[in-house]
Amino acid sequence: RSKSTPPMVFHWFPFVGSAVTYGMDPYTFFHENRKRHGDVFTFLLLGRKVTVALGPKGSNLVLNGKLNEVSAEDVYGAVTVPVFGKEVVYDVPNAVLMEQKRFVKAGLSTENLHVYVGQIVDEVENFVANDSTFSALKAGKPAVIDTFQAMSEITILTASRTLQGQEIRESLDKSFADLYHDLDAGFTPINFIMPGLPLPANFRRDRAQQKMSRFYRDIVEKRRAAAEKGGLESAAGGYHDMIATLMEQKYKNGRPLSDIEIAHMMIALLMAGQHTSSATGSWALLRLASKPEVIRELYDEQVRVYGDGTPGSFRPLDYETNKTQLPILDSVIRETLRMHPPIHSIMRLALKDLPVPATMGGDGSAGKKSDTQTLIIPKGHSVLAAPGVSAIDPSLWPDAGEFKPSRWLEAGQLKGEESSSTSPSDTVDYGWGAVSTGANSPYLPFGAGRHRCIGEQFAYLQLGTIVATVVRGFEWEIEGGKFPEPDYTSMIVLPKAPARLVMRRRK
Ligand code: HEM
Ligand SMILES: N#Cc1ccc(COc2ccc(/C=C/c3ccc(C(F)(F)[C@](O)(Cn4cnnn4)c4ccc(F)cc4F)nc3)cc2)cc1
């Protein structure tokens, strides 16, 4: 069998290659080239060769690649290390990242998640009662809000109240918010593709990172001192947040985390949760606005499960009930993530030539000349998985282009992306919990394999509690009635501005 490299996407300009067509609308770019070249093809992205591997088999090839075959840190390091800081996530060998993921999972315990639900409700209700964007409601008029802006504020309020902790929550309206904005401005795909440019935004990012790092280290030092003075045995000092958890964790070799590692893990988690939840929360509210009958179903679910007999009043949301008795709320978040996964391209660096499984070569139809050749992705290429392409593939999903949460409630659907059977061969543990071995699923919004997300439970709890609280108090529709286009050019897929909602208090 002769060896061949994947077909190259045609491009007019050297170096720039397909950067603009890919960057502006990745899904159209993937779809067009899949028709022409099949599931595996290479494009030029500002001087870098990127080989796309589409379909569930392509996701499996990239997400379940071996440690010595593909590397995440070699692709993500340039854009994440200057933002998160040194000694964490993509600045450390993968074995250390696996331990750091275990530490974070310890902080997302059921006991802590229980506490978080009430805190999130409190933050959402305060925001709606006090924030100026909702002031029209006091005069009995509808409030017109910028969806993404409101969700960004609610997300950072709820994430800092729960995961980040009291000191961060109390500093949000002051210096910390400015630091966050400067840091966030440096979290852009430009630094992916052209790292280390002397851009003013990159200098602001570096200064903000240093100040934020010091801010967190001061919190850790103060808590440690207070715990010692108070004679408390654990440095956690009775806090339920992630800082307390990380202060108590130890690596396998017995070493506790340094203050720098704690500070930089916290910055990484702040960025992780902020972008994914604000984007997903925005898409959920916008999709619901386009399907008022689903808002109605969510409201009726709240009445059924939490109603206390008086119309319009409910028992307080709680973790257990949210997790087990609100299937419609769950399906709304699931369906939002099917249509709007925040990360459209998951990338790795090929550390060696990667053979492509024979069934993936060519356009996958047997008998083509290409099935006599094994496709090899050359060492040095970036490899890209786009699970979102299969999540909207009409050959895999009936009414793929329609927002239809009920599709998840039909018999046996709620198993989600991983098969429900948990026989040993189906799961593997990289050091931070069991994950499914199969990444050849058409639904992988949280990724798969050793780099799979560990924030899923927190994300569902945070988004579910926010949506349930908004549904209890409001009805809403899209201002101007037009569903917004996605903006693919930032790190996470956002609704193109302006995307406004008209919010009315329920009678
Ligand atoms: C709707 C919400 C979220 C979505 C859709 C999401 C999606 C993802 C995806 C696709 C990956 C895999 C990336 C890759 O393979 O390169 C990932 C990894 C990760 N996510 Fe999330 N995420 C979400 C929320 C969160 C939250 C709230 C946290 C933290 C509290 C978080 C922390 C992480 C971490 C630590 C990783 C591991 C990265 C690695 O091992 O390389 N995520 N997430
Ligand atoms: N011309 C042009 C032109 C060309 C192209 C484009 C657009 O091109 C692209 C290409 C790829 C991408 C990839 C998104 C991507 C990957 C990794 C990460 C991450 F690492 F950061 C994350 O996984 C994020 N995460 C996970 N869970 N929660 N957050 C993470 C992990 C752990 C962690 F602790 C903190 C984290 F937050 N973030 C985002 C985005 C845009 C624009 C213009």
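The following legends describe an overall view and several close-up views of a predicted model.

**Figure 1. Overall fold of the protein chain.** The protein chain contains 18 helices and 15 strands. Its C-alpha trace extends over about 70 × 55 × 50 Å along the principal axes. The radius of gyration is 23 Å, in agreement with the value near 23 Å that a compact globule of 507 residues would have. Buried residues make up 53% of the 507 residues of the protein chain.

**Figure 2. Surface and charge of the protein chain.** The protein chain has an accessible surface of about 22400 Å², and carbon and sulfur atoms contribute 57% of this area. There are 57 positive and 57 negative side chains, with the centres of the two sets 4 Å apart.

**Figure 3. Pro 327 in helix α16.** Pro 327 belongs to helix α16, which covers residues 327-339. The residue counts as partly exposed because its relative accessibility is 35%, a value between the limits of 20% and 50%. When neighbours within four places in sequence are left aside, Pro 327 is in contact with Glu 301 and Leu 409. Gly 401 lies 74 residues from Pro 327 in sequence, and the C-alpha atoms of the two residues are 22 Å apart in space.

**Figure 4. Asp 393 in the loop between α17 and β10.** Asp 393 is located in the loop that joins α17 (387-391) to β10 (427-429). With a relative accessible area of 12%, Asp 393 falls under the 20% limit and is therefore buried. Not counting residues up to four places away in sequence, Asp 393 touches Arg 34 and Ala 400.

**Figure 5. Val 92 in the loop between α4 and α5.** Val 92 occupies the loop between α4 and α5 (94-107). This residue counts as buried, at 13% relative accessibility. Beyond its neighbours within four places in sequence, Val 92 is in contact with Glu 87, Leu 97 and Gln 100. The C-alpha atoms of Val 92 and Gly 77 are separated by 9.5 Å, and the two residues are 15 apart along the chain.

**Figure 6. The cis peptide bond from Ala 497 to Pro 498.** The peptide bond from Ala 497 to Pro 498 is cis, and its omega is near -10°. Pro 498 is placed in the loop between β14 (494-495) and β15 (500-505).

Figure 7. Phe 15 is not a glycine, yet it has a positive phi of about 70°. This residue is found in the loop between β1 (2-4) and α1, and it is partly exposed, with a relative accessible area of 45%. Leu 46, likewise a residue other than glycine, has a positive phi near 45°. Leu 46 lies in the loop between β2 (40-45) and β3 (48-53) and counts as partly exposed at 23% relative accessibility.

Terms used. Residues are numbered from 1 along each chain as its sequence is written. Chains are lettered from A and ligands numbered from 1 in the order in which they are written. This is a predicted model: local features need pLDDT of at least 70, side-chain atom pairs count only at pLDDT 80 or more; totals for chains, interfaces and linings use all residues. Side-chain values use heavy atoms; hydrogens and water are left out. Helices (H or I, at least four residues) and strands (E, at least two) are DSSP runs, numbered from the N terminus. The radius of gyration is taken over C-alpha atoms; the globule rule is 2.2 Å times the number of residues to the power 0.38. Buried means under 20% relative accessible area, exposed over 50%, partly exposed in between (1.4 Å probe, protein chains only). Accessible areas come from the Shrake-Rupley method with a 1.4 Å probe; for residues, only the protein chains shown count as cover. Lys and Arg count as positive and Asp and Glu as negative; His and the chain ends are not counted. The place of a charge is taken as NZ of Lys, CZ of Arg, CG of Asp or CD of Glu. Contact means heavy atoms within 4.5 Å.
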